[in-house]
Amino acid sequence: MYKELTDLLFEQREQNISHISYEQELMLFSSIRKGRTEQIPQIVDALKSNHTSRLSQNPIQNLRYLFVVSIAQICRFAIEGGVNMEKAFCISDLFIQKMDVCLQPDDIYELYRQALTCYAEEVQYSHKKELHYSSRIRQSIDYIYNHLHEKLNINILSSRAGLSPNYYSSLFKKETGTTVSAYINKARISAACNMLHYSEYSGQEISDYLGFSSYSHFCSIFKKYTFQTPLEYRRTHFRKKW
């Protein structure tokens, strides 16, 4: 077995073949845990472009195996996102059974997209409080999560919502229970935790990417929400769980 593994590794190096990185894969899948659907096309593309995992010499069988492995991983992310465990496993079983009768790659890719969408929507449904937000606040929250690396403040968000800053601030706090600035900070710290958890970006790089005014400000806000410094968080969480 060891010789076969060595031969396979040598062959892949000779052909310059490499798998999608662990960090890239986990950061893509983690979007399902948050119920975010915008990265689903990227996850599907990752499956389509995965020509390095040769689990079978038969191309369609190889794709079937990749589908099962991927759905098993995504199922766990959905559970972490709040989906009932039994329901998450039933969804996995259902889509694997459907895949088992697919004969064409495009049919499998489409089923994979449907499975991802189903899991993301189940996570969204589990976040019942957010379902009661008004359309303007829901749109603002979507905008915040999609623009965490850009300048965000109450003037920008209230303008996009077509409301005065004062009224928008009052409405936002009434519906979410927190201020706009606190919500933005919490969303950015959540993203920072994700990056510290799955990637090898430094704390300074994460701070710069997420638009904090300085690394010291980032550390101060991070500790306020997590009770740890970014370095302490990485030491205790890096690549733990999923």
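Okay, some housekeeping. Residues are numbered from 1 along each chain as its sequence is written, and side-chain values use heavy atoms, with hydrogens and water left out. Since the model is predicted, local features need pLDDT of at least 70 and side-chain atom pairs count only at pLDDT 80 or more, while totals for chains, interfaces and linings use all residues. Helices are DSSP runs (H or I, at least four residues), numbered from the N terminus.

Let's start with H5, residues 85-99. Its end C-alpha atoms sit 21 Å apart, which agrees with the 21 Å its 15 residues should span at 1.5 Å a residue; that expected span is 1.5 Å times one less than the number of residues. Buried here (under 20% relative accessible area, 1.4 Å probe, protein chains only) are Ala88, Ile91, Ser92, Phe95 and Met99. They cover an arc of only 100 degrees around the axis, so they lie on the same side of H5; the arc uses directions from the helix axis to the C-beta atoms. They pack against H4 (59-80) and H6, with contact meaning heavy atoms within 4.5 Å. On the face turned away, you'll find the exposed (over 50%) Glu86 and Gln97.

Next, H6, residues 105-126: 22 residues, 32 Å from first C-alpha to last, close to the 32 Å expected. Its buried residues include Tyr109, Tyr112, Tyr119 and Glu122.

Finally, H13, residues 215-226. What's buried there? Phe218, Cys219, Ile221, Phe222 and Thr226, and their cover includes H11, H12 and H14. Just after H13, Phe227 takes a positive phi of about 65 degrees.

Definitions and conventions:
Helices (H or I, at least four residues) and strands (E, at least two) are DSSP runs, numbered from the N terminus.
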